[in-house]
Amino acid sequence: MIERLRPGVSAQNARVCLFDFDGTISLIRSGWMDVMVPMMVEILLHLHTGESETELRAVVEDFVWRLTGKQTIYQMMALAAEIAKRGGAPRDPLEFKKMYLDRLHARIRHRLEELRRGEVSPDKYLVPGARALVEALHARGLRLYLASGTDQPYMRAEAGLLDIARYFDGRVYGALDDYRSFSKKILIEGLIAASEFQGSEFLGFGDGYVEIENIKDVGGLAVGVATAEPECRTVDQWKRTRLAGVGADFIIPNFLDRDELLAALFPNGK
């Protein structure tokens, strides 16, 4: 269940832990790629470039995955660039983002409603074992951060519905209208610049390219959560290959093997 890609590494010196939100902690937006990718392929097909749907899907999946973990607007900017590259006149990326969010919210509305009504346990929409793992790291005294490319108001509301925000003591961050003012990279570099932490004191968990790369860039330890959604019982090999490719130290399908994972991360105990 736990694949160690770099034998001998550990998080023994970790003092701060960064969690991605969607797909790493939360499953509320599970299936978002099945909304975003077809929408973008549909838009590109309307340009009648002669490219097949399969060819365009490969193009879209490549940049969507590469930008997963960054603010959603970056994926929409990449779509606009692909349209322009093909001689089209792209809309403002914000319009594409609104189109995508409207479609996504139609898909996940019932999940939000049953959480708001208290009809299901919040754990129904958490990656299995996530709460216990977060609690264990919180109990160890690590300073926890939750960061997402999803717009901050939505992300904070969803973290509240999942009863997960309380473990992060207010350190819950999402995308802002001024997309240049916040990113996971900016958050990490800011903590280092303020001399609060050294790069080697960072531990990170994520299912996307960006957060794994950001953690590794500063010398931290990164755990790739390559979970096959929505069941989250096995490793998604497509995700695994890409997370390993950007430097993940460990690959896991979920957090159910908490004790084994903690022993691997902290081999000498606390």
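Tutor: Rings of Phe, Tyr and Trp pair if their centres lie within 6.5 Å. In this predicted model, Phe19, Phe168, Phe205 and Phe255 form one aromatic cluster.

Student: How many aromatic pairs does a search of the whole structure find?

Tutor: The search turns up 7. Take Trp65 and Trp238: their ring centres are 5.2 Å apart and the planes sit at 70°, so you'd call the pair edge-to-face. Trp65 belongs to helix α2 (residues 53-67) and Trp238 to helix α9 (residues 237-245), so this pair ties together parts 173 residues apart in sequence.

Student: Which residue lies over the face of Tyr74?

Tutor: That's Lys70, at 3.9 Å from the ring centre. Tyr145 has a charge over its ring too: the charged end of Arg171 sits 5.4 Å from the centre.

Student: Tyr145 is in β3, then. What stands opposite Tyr145?

Tutor: Leu18 does. Strand β2 (residues 16-20) and β3 pair in the parallel sense over 5 bridges. On to β4: it runs parallel to β3, with 3 bridges joining the two, and Asp151 has Ala175 in β4 as its bridge partner. Getting from β3 to β4, the chain passes through α6, and this β-α-β crossover is right-handed.

Student: Why is β3 called largely enclosed by the rest of the structure?

Tutor: Count the buried residues: 8 of the 9 in β3 qualify, so the strand is largely enclosed.

Student: Which residues of helix α6 are buried?

Tutor: For a helix, look at where the buried residues point. In α6 (residues 152-161), the buried ones are Gln152, Met155, Glu158 and Ala159. They span an arc of only 135° around the axis, which puts them on the same side of α6. Their cover includes α4 (93-116), β3 (143-151) and β4 (172-175).

Student: What happens just after α6?

Tutor: Check the backbone there: Asp163 takes a positive phi of about 55°.

Technical notes
Residues numbered from 1 in each chain as written. Predicted model: local features only at pLDDT ≥ 70, side-chain atom pairs only at ≥ 80, totals over all residues. Heavy atoms only, no water. Buried < 20%, exposed > 50% of the residue type's maximum accessible area, 1.4 Å probe, protein only. Helix = DSSP H or I, 4+ residues; strand = E, 2+ residues; numbered from the N terminus. Arc of directions from axis to C-beta. Contact = heavy atoms within 4.5 Å. Pairing = 2+ DSSP bridges. Right-handed = clockwise from strand over helix to strand, strands pointing away. Phe/Tyr/Trp six-rings, centres within 6.5 Å; stacked < 30°, edge-to-face > 60°. Lys NZ or Arg CZ within 6 Å of the ring centre and 35° of its normal.
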